[in-house]
Amino acid sequence: MSISKQDMLKLVKELRARTDAGVKECKAVLTETGGDIEKAVTILREKGIAKADSRSGRSTKEGVIGCYLHREKIAGLVELTCETDFVARTDLFKNLAKELAIQVVTSSPQTISREELSPEYIEQERAIFKKLEKESGKPDKIIDKIVEGKLEKLYREVCLLEQDYYKDDSKTVDQMVKEAIAKLGENIEVKRIFRMQVGES
């Protein structure tokens, strides 16, 4: 069942009020359930996304360094922080740090989020995409939309939190982190990432 834009806005507002999940997650699950709000709430709770967003913004001064070494050739490091040392010592939290380090090795993100990309880099990529579309003969009226779509794809490739989780491409790394937030009851942040490969400068 298709949902009108106006109805979707109302449903997203209600679902967010009941779960504190993000707009993106709410839209996706409402589309999946055909607008069934009760099913949507259940799915979000099962995924651990509900209530996760409400914890964002809390101070995170504890944590661990997740590390992964692949065949002694590629290494990934992730600084993952939380609110208390108690949570930092849990297996779930330490495993999340390890999984993120593996993600860094396998998917080579350049930044943690799109906000860390410089405006100059984004404008450079936008100009390149626009030039290519013009040269291919696309009408001017649709070029901007195509370019923005390509930028979104770029963010999903180079930003850790927007990448598909390497074990399950039905969810993003950001969603995986939010699931852990919901389960552990504390804010969790990826502070720093580092990837090193033999032979790379």
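**View A. Leucine 77 is in contact with Ile65, Gly66, Cys67, Arg192, Ile193 and Phe194, with neighbours within four places in sequence left aside.** Contact means heavy atoms within 4.5 Å. The model is predicted: local features need pLDDT of at least 70, side-chain atom pairs count only at pLDDT 80 or more, and totals for chains, interfaces and linings use all residues. Residues are numbered from 1 along each chain as its sequence is written, and side-chain values use heavy atoms, with hydrogens and water left out. Leucine 77 belongs to strand β2. Helices (H or I, at least four residues) and strands (E, at least two) are DSSP runs, numbered from the N terminus. Leucine 77 counts as partly exposed because its relative accessibility is 38%. Buried means under 20% relative accessible area, exposed over 50%, and partly exposed in between, with a 1.4 Å probe and protein chains only. Lysine 98 is 21 residues from leucine 77 in sequence, and their C-alpha atoms are 8.6 Å apart.

**View B. Arginine 71 and glutamate 72 in the β1–β2 loop.** Strand β1 spans 62-70 and strand β2 spans 74-82, with arginine 71 in the loop between them. Glutamate 72 is also placed in the loop between β1 and β2. What is phi of arginine 71? The value is near 50°, positive in a residue other than glycine. Glutamate 72 has phi near 55°, again positive in a residue other than glycine. Most residues other than glycine have a negative phi. Is arginine 71 buried or exposed? Arginine 71 counts as exposed, because its relative accessibility is 71%. Glutamate 72, at 67% relative accessibility, therefore counts as exposed.

**View C. Alanine 97 sits in helix α5.** Its relative accessibility is 0%, so alanine 97 counts as buried. Which residues touch alanine 97, leaving aside its neighbours within four places in sequence? They are Val64, Gly66, Val78 and Leu80. From alanine 97 to serine 108 is 11 residues along the sequence. Their C-alpha atoms are 16 Å apart in space. Helix α5 (residues 91-107) has the highest confidence in the chain, at a mean of 96. That score is pLDDT, the predictor's confidence in each residue, from 0 to 100.

**View D. Alanine 88 in helix α4.** This helix covers residues 85-88. Alanine 88 has a relative accessible area of 3% and so is buried. Its contacts, not counting residues up to four places away in sequence, are Gly63, Val64, Cys82, Phe93 and Lys94. Val64 is also among the contacts of alanine 97. Lysine 191 is 103 residues from alanine 88 in sequence. The C-alpha to C-alpha separation of this pair is 14 Å.

**View E. Cysteine 26 in helix α2.** Helix α2 runs over residues 23-33. Cysteine 26 counts as buried because its relative accessibility is 0%. Residues up to four places away in sequence aside, cysteine 26 touches Val12, Leu15, Arg16, Thr19, Ala21 and Leu44. Methionine 8 is 18 residues from cysteine 26 along the chain, with 9.5 Å between their C-alpha atoms.

**View F. The whole chain, for orientation, has 8 helices and 5 strands.** Their order from the N terminus is α-α-α-β-β-α-α-α-α-β-β-α-β. Along the principal axes, the C-alpha atoms fill a box of roughly 55 × 50 × 30 Å. Three domains are given: domain 1 (5-54), domain 2 (62-113 + 159-197) and domain 3 (118-157). Domain bounds come from an automatic or database domain assignment. The C-alpha centres of domain 1 and domain 2 are 25 Å apart. Buried residues account for 40% of the 201 residues. Of contacts between residues at least 6 apart in sequence, 60% join residues at least 24 apart. The chain's mean pLDDT is 87, with 91% of its residues at 70 or more.
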